[in-house]
Amino acid sequence: MLENPNLCKEYVDVCVIGAGHAGCEAALASARLGLQTVIFTVSIDSIALMPCNPNIGGSSKGHLVREIDALGGEMGKNIDKTFIQSKMLNVSKGPAVHSLRAQADKSEYSRSMRRVLENQDHLTIKQAEIIELLIENGEIKGVVTYTGTTYYCKACVIATGTYLKARCLCGETITYTGPSGLQAANSLSKSLIDNGVKLRRFKTGTPARMDRRSIDFSKMEEQFGDERIEPFSFSTDPDSIQKEQISCYLTYTNEETHKIIRENLSRSPIYAGIIEGVGPRYCPSIEDKVVKFADKERHQVFIEPEGLYTNEMYVGGMSSSLPEDVQLKMYRTVPGLENCKIVRNAYAIEYDCLEPNQLLPSLELKELSGVFCAGQFNGSSGYEEAAAQGLIAGINAARKVLNKEPLVLDRSEAYIGVLIDDLVTKDNREPYRMMTSRAEYRLLLRQDNADLRLRKFGYEVGLVSKEEYDKVLLKEKLIDEEVKRLKEVIVGASKNIQDFLTRHESSLLRTGTSLADLLCRPELDYEKLAEIDVNRPSLSSDIINQVSIQVKYEGYIERQKIQVEQFKKMERKLIPADIDYDDVKSLRLEARQKLKAFKPLSIGQASRISGVTPADVSVLLVYIEQLHHRN
Amino acid sequence: MSETIAAISTALSEGGIGIIRVSGPDAIEIVNKIYRNKDGAYSLSSYKTHTIHYGFIYDGDKLLDEVMVSVMKAPNTFTREDMVEINCHGGVLVCKNILNLCLKTGAVLAEPGEFTKRAFLNGRIDLSKAEAVMDLISSKSNMSLNNSLNHLSGRLFEKIKSIRESILYEIAFIESALDDPEHISLDGFTDSLRKKLDVLLSDLSKLYDSFSTGKLLKEGINTCIVGKPNVGKSSLLNFLSGYERAIVTDIAGTTRDTIEERVILKDISLNLIDTAGIHDSSDTVENIGVERAKKYAKGADLILFLMDATEKLSNDDLAIIDFIKDKKVIALINKIDAGKEIGSSEVKKLFSKESKVLEISVKSGDGICDLESVIEEMFIHGEISVNDDLYITNLRQADLIKKSMDSLSHVVESLDLGLPEDFYSIDLMSAYATLGKIIGEDIDDDLVEEIFSKFCMGK
């Protein structure tokens, strides 16, 4: 075929398709690693758009943001610049589940991220829809835009979010657009399918936005931010971000609300069977809540500002795909919303996404070399989940071009590792959300120690400076020394010690005891011990925090470390890529089919595939040992 | 593979000697804690490799058995790990007790085929055997699971299931509150959890007791008493049950027309099953009983076949002999105090040479001692055997229940220490997973399912 001489050609290293939270992290990582990178978006104004809830972080998602930051990603820094309220959740619970959440000024968040992208060396932003991947011999050669330009590249990252063949549903009204009325991407799905990629259809939804002036806040409970604000980024100076915060408000649905919903269920596209996509159970629409939890008398509704310079308010807890007239009736039954005016209707959105078992843990497609995938396209949901994958996909796309081994974090190293392993190993049947219960080693994977866990990876990859890394090494050293000191300093049963213990309702000493042992007592803490620990060094609060956690929860932490050792052993046992499972006679049929479908890289990964029993794993171990010896 | 494993490596039926095999990094240390030499010293760890020693196994201060213990240090052992083998001669119960003791002291029960697997993975077994090793692992574990499922009574299965469900609910509650603190509150939760744990622990402890005494699981020699009606089957059962040297426990019969008794003669445990009398009948209800009796007889390890000395051999007797002749049978001519119509030589001809024929009277007690000796002898010579795999299954189940209790006790400790929910929910999870192994269920997405179905999450 003759080439059309009128079409443009460009030559770059890495193409990133989509500029949402995944695309931004991917493009920045790739460009920062020195590769010529171009990022495509259907609309420059939708870079780092937050089309749903106006916050970043929250339970387990806050962990992801801290990890992204520790690795050298941008999300944490960007929310530190643009938050309008901040809160540490779960502070009454254990340190492993403390979780930071910030309300963002949505448009500022988006603008600020766009500025970072615009000023990044080696990075070009291009407003264009990608309609085709150029694949030769199972390898990426380039991408083609709607206007016919070909960008030749060595790797690409697909981060199309909810845009692929998107359609939005509001009752009987269906529009074929992406979120917030943005243009959908209707061609890329076909190119992917033509190249053997399996896609499926998911759905999600968002509640209405309301005019602040139409809401009566006096009927709601005001929700304030924390007095002392903690930043997300380990690079942000906490003193620099203390500021006046904007409140959120809490109100509730009631019987009347539920009645209206029940009466109009037949007009919901989900209950009417119009929606084919599978929705997430963890952020159910208000219709779902009313149907599935019929005995609940009321549901919480959080009214959250969308930004400083807008009157739009987000109605958290009441996403819906009911028609406009029902929405208005239902919202107006909620105390404080009696006279509400809806600025944007609630809607559900359906989109094409990947069956992620086609991915390697590096987020590269198993069958298409150089094609990396990230974010909601991989069947996840949430800004933070997207950004985390984007960062890893961007790093690994760059490393592919540089001929380096991919960065793969495992389940014992990071929530990011859990997230990606779950996506590529498990049979996810709904949009995947991070949850702390999914992280089996969560006592070690805390948001407070993400820098201690992951800075070294960021430094080795090249996204974290020597200076930042040295800071972590010093912190580590100070923590170790202080833990050691607390274990070594023995206090005797002297009068002032016993007095001290009496005052704190702690049992008296019979023999000498280390300060560490005293710190383990639930009624005592590091601060209280100051009185009987006169020679302690002066340490910053984050170091004291680490020391306290390590000492107080040592038993549990040590047990998890032993489990991690066991886990690592299995992860290190690799399965040869060319293994023929039909040759492993003693495998049960189900296990054989699953192993063929998932092609796990290691024995550890194989053991997590549902339908593969411990006996199958043993059989596999023996088989692989035999292979090793044969060769 | 850093765990130390233990198992009984001899078939349990093969007479007096049994070997408990322990392999792994702590093998010597573990046995050292339970073995004392003839001077009463804990000396095992000082012994040289590949030596064998006389001594005793103690559970605390209680002497379990007189043993020979061999110590073999890595790498020149079967598994290429440190290994200890305890040769005991106290029979099945003692073997079992010593194994249990090893487990209590820190070993874990070997998975099916695990010694062989370790031997292979550590390079000890010829590569050409790999196929065989794989087959062994997969067939043994399938069998083990089947055994486990087949021999758990429905009631027991349901009980474990319901305990698991309660645990899962608690975990899901904690986790949903951790994930969505603004919608779900844990206020007052610890008190209610504490109470529930007490109940769960006491339920599990009852289960554990029944597993370890074997009440609920058919373990031992399944011995079926058959014969035509009124030949004295029930009397024999009652007699053996009431035998002065026997320990008797009741097992509720699984069917209304058979009665089971657990009888332990010396260290040999018999599950005596009394069946309906077998004869040709036109009565439908009775025929059902007869069919059942035949079925039991088929599955039995040993058959006690009773005849009536006051009558000639009947067609019914001959019909019974016909369908039991391939089994291990002790033929008993009962009521010799009242008649001599049947002679033992006549009966002997009807069975194979090895079969035993005894003349007894349940009424007077004549010949019962001989019966006991014959059973013991057959057992010691390995002529009759218990189902080893079943026995191991039982032990594994008991071990798993114990482990889940340990996990729950951990939770109680953590609650008392005021540790936060996210810590002890890990122990709840491991109790849940451990119990799942008993009923062959894994944990995959259970928790996430439970969270979403029972608790209304945010947004």
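1. A crossing of two helices is left-handed if the near helix is turned anticlockwise from the far one by less than a right angle, and right-handed if clockwise. By that rule, helix 2 and helix 9 of chain A cross in the left-handed sense. Helices (H or I, at least four residues) and strands (E, at least two) are DSSP runs, numbered from the N terminus.

2. This is a predicted model: local features need pLDDT of at least 70, side-chain atom pairs count only at pLDDT 80 or more, and totals for chains, interfaces and linings use all residues. Residues are numbered from 1 along each chain as its sequence is written, while chains are lettered from A and ligands numbered from 1 in the order in which they are written.

3. Helix 2 (residues 61-71) and helix 9 (residues 383-401) of chain A pack at about 25°, with axes 9 Å apart. Axes are lines fitted to C-alpha atoms over the stretch in contact, and angles run from 0 to 180 degrees between N-to-C directions.

4. Chain B holds 14 helices and 14 strands. Seven strands form an open sheet in chain B, ordered 3-4-5-6-2-1-7, with mixed pairing. Strands pair if DSSP finds at least two bridges between them. Strand 3 (35-36) and strand 7 (108-109) of chain B are at the edges with a single partner strand each, so one side of each has no neighbour in the sheet.

5. Strand 1 (residues 5-8) and strand 2 (residues 18-23) of chain B pair antiparallel over four bridges. I5(B) has S23(B) of strand 2 as its bridge partner.
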